[in-house]
Amino acid sequence: MESNEFKYGDTESGAFGLFCGTETHSLLPEKRKYVQEIPGLDGVADFGISGYSTRVITKPVYFTGPYSELRKNRENIIAWLYNDGTPKKLIFGNEPNRYYMAKVYAALEFENASDRHIGDIQFECNPPWQYLSDGTLLTPEEITYVNCTAENGQFIKEFSGSGSVKFYNKGTQNVKPIIKIIGRIKTGIILTYRGAELKLETDEGFDGVEINCTAETVKRMSDGESLYRYIDPEKDNFFSLSPGKCEIAVAETDIGEYPDSFTVIIQFTPILKG
């Protein structure tokens, strides 16, 4: 799919020779206002309740082929954009790893124009936020809180100094993660989640350590050898992540820029129950 095309449902606009403008970028949808006029007083009572309306994205549509082909595909285009009540995935070619769930409500007309701008199409997106390809909904709260790369159930962050990994457990139950530390593994790496601490007392050089909080195992990733004996027995708490916001602190005295940095990967599948 080209950067100036879009995919709605299972069909790309290029299949009909249709392209959209990419100059306008939708940033925020309209915010709903919950206010009440008060007789005798200026202004209104603003209840400050959060919430946004659906996002409406209007795109200019261009056609580069012979207009006889556009007329020929008229019924197919109608069937493609027809609103049957079920939202479809909407992917723009300049953001191929993100999508909206959208419907077409507004009337649509195409005109044989000399500048090839045949009309505008209006998508109504609900919810108003984009999804990542793995289904993560990018709400403003998600974007401002999460400080790592989220990809296929993994939360990934490189460390060249002490810090933390912030992410969401979007399930409804506690879940025990798999934690991987990859890079320069030195003695004294400490992971902390709420009141639980896990301290690794081994120097493995350039390698990886996998901590399975469900199986309560610690292994060297290069050969699978157990490193459990190198876990500080007074700080051997295997984490159980609560639903909602999660933050795992990472500390190590000799961590620094590459080659003394390492990457932490938090991996789990959210549990959704009643």
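Predicted model: local features only at pLDDT ≥ 70, side-chain atom pairs only at ≥ 80, totals over all residues.
I started with helix α2, residues 74-81, where Ile77, Trp80 and Leu81 are buried. I then looked up how these residues sit around the axis. They cover an arc of only 85 degrees, which puts them on the same side of α2.

Next, the surface. Which residues make the nonpolar surface patch of about 300 Å²? I find Tyr34, Phe47 and Ile49 there. I followed up Phe47. I place Phe47 in the loop between β5 (44-46) and β6 (55-63). Is Phe47 buried or exposed? Its relative accessibility is 52%, and exposed means over 50%, so Phe47 counts as exposed.

Last, the cysteines. How many disulfides does the structure hold? I count zero. A disulfide is a covalent bond between the sulfur atoms of two cysteines, so I checked the sulfur distances for Cys148 and Cys246. The cysteine sulfur closest to that of Cys148 is in Cys246, 11 Å away. Starting from Cys246, I get Cys148 as the closest, again at 11 Å. The cut-off for a disulfide is 2.5 Å, so 11 Å is too far for a bond.

I also looked up cover for both residues. Buried means under 20% relative accessible area. Cys148 counts as buried because its relative accessibility is 15%. Cys246 has 0% relative accessibility, so Cys246 counts as buried too.

Methods:
Residues numbered from 1 in each chain as written. Heavy atoms only, no water. Patch = residues over 30% accessible without salt bridge, like charges linked within 9 Å, V, L, I, M, F, W, Y side chains within 5 Å. Areas by Shrake-Rupley, 256 points an atom, 1.4 Å probe, with all protein chains shown as cover. Salt bridge = Lys/Arg side-chain N within 4 Å of Asp/Glu carboxyl O. Helix = DSSP H or I, 4+ residues; strand = E, 2+ residues; numbered from the N terminus. Buried < 20%, exposed > 50% of the residue type's maximum accessible area, 1.4 Å probe, protein only. Arc of directions from axis to C-beta.
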